[in-house]
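Colleague: I am new to this structure. Please take me through some of its helices.

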Amino acid sequence: MKNLPYTFVVRRLATILSVVILSLSLIAAVTGILLSFYYEPTAGGAYNSLKIVESEIPNGWLIQSLHEIAGNGLIAVSLVEIVVMFLGEKFRPSWLTAWISGILLTLTAIALGWTAMLLDWTQLGYWRFAIELGTLEAIPLIGSQLRDILTGGGAVNTVTVAHLYTLHSYILSIGALILAIIHLGGLLIQEKEEKKQAIESEAELSFSEGN
Ligand code: HEM
């Protein structure tokens, strides 16, 4: 078998992972939309609405599990992708686009997981959010504004669930989808450029050998 160069293997792996990333984002977005048909973004209704999805809606448990697996899988795969891209670094504009969009996508995926923390309104989610809110509030200058944006200015209640739900289901999920498309696009363009370069250098080599 022909010995493939290490950088080629690493870059091809990055492209394959970017296809996985886009697929996971699409699965999470579609299952999220399906969940939203029954999900009630209020402090009193969130927990019960998800219990109804799990136990009474046909295949509701499957949609919920797929959303959880795709959402958490997206975080894991995009973290691996950053390492793979770092190993195959290439300073072309297309590679840089994929690198920057990959990092932003990882941060968005983490933010999606974070904003989902309170959405099921369980004891664990509530207290974890309350503690992490305290940490956010301690950030100098912007801490208290950040807290107000997330909670709606008061205690952790229905308004907080609605704010996190809006961030999660509209802003961050659309951002993740756009970034996943840009990321894959950047890597596909870079593969095309690399192929063209290889053909050109091969042609040059055979030309100089012929002379
Ligand atoms: C790229 C798109 C999305 C990603 C990556 C994503 C990711 C996540 C993650 C990681 C969780 C936490 C799952 C867990 O560990 O229990 C979650 C929960 C949730 N997401 Fe999304 N999400 C996306 C889009 C959406 C959309 C579009 C909606 C609704 C319109 C939505 C609604 C929800 C709801 C209601 C929950 C709570 C469900 C539960 O706790 O069982 N998500 N999401």
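This is a predicted model: local features need pLDDT of at least 70, side-chain atom pairs count only at pLDDT 80 or more; totals for chains, interfaces and linings use all residues.

Colleague: How far does helix H4 reach from its first C-alpha to its last?

Modeller: Helices are DSSP runs of H or I with at least four residues, numbered from the N terminus. H4 covers residues 93-115, 23 residues in total. The expected span is 1.5 Å times one less than the number of residues. That expectation is 33 Å, and the helix comes close to it at 32 Å.

Colleague: Is histidine 168 buried or exposed?

Modeller: Histidine 168 is in helix H7. Buried means under 20% relative accessible area and exposed over 50%, with partly exposed in between (1.4 Å probe, protein chains only). Because its relative accessibility is 13%, histidine 168 counts as buried.

Colleague: Which residues is histidine 168 in contact with, leaving aside its neighbours within four places in sequence?

Modeller: Contact means heavy atoms within 4.5 Å. Leu112, one of the partners of histidine 168, is also among the buried residues of H4.

Colleague: Which helices are included in what covers the buried residues of H4?

Modeller: The buried residues of H4 include Trp95, Leu105 and Trp114. Their cover includes helices H1, H3, H5, H6 and H7.

Methods. Residues are numbered from 1 along each chain as its sequence is written. Side-chain values use heavy atoms; hydrogens and water are left out. Helices (H or I, at least four residues) and strands (E, at least two) are DSSP runs, numbered from the N terminus.
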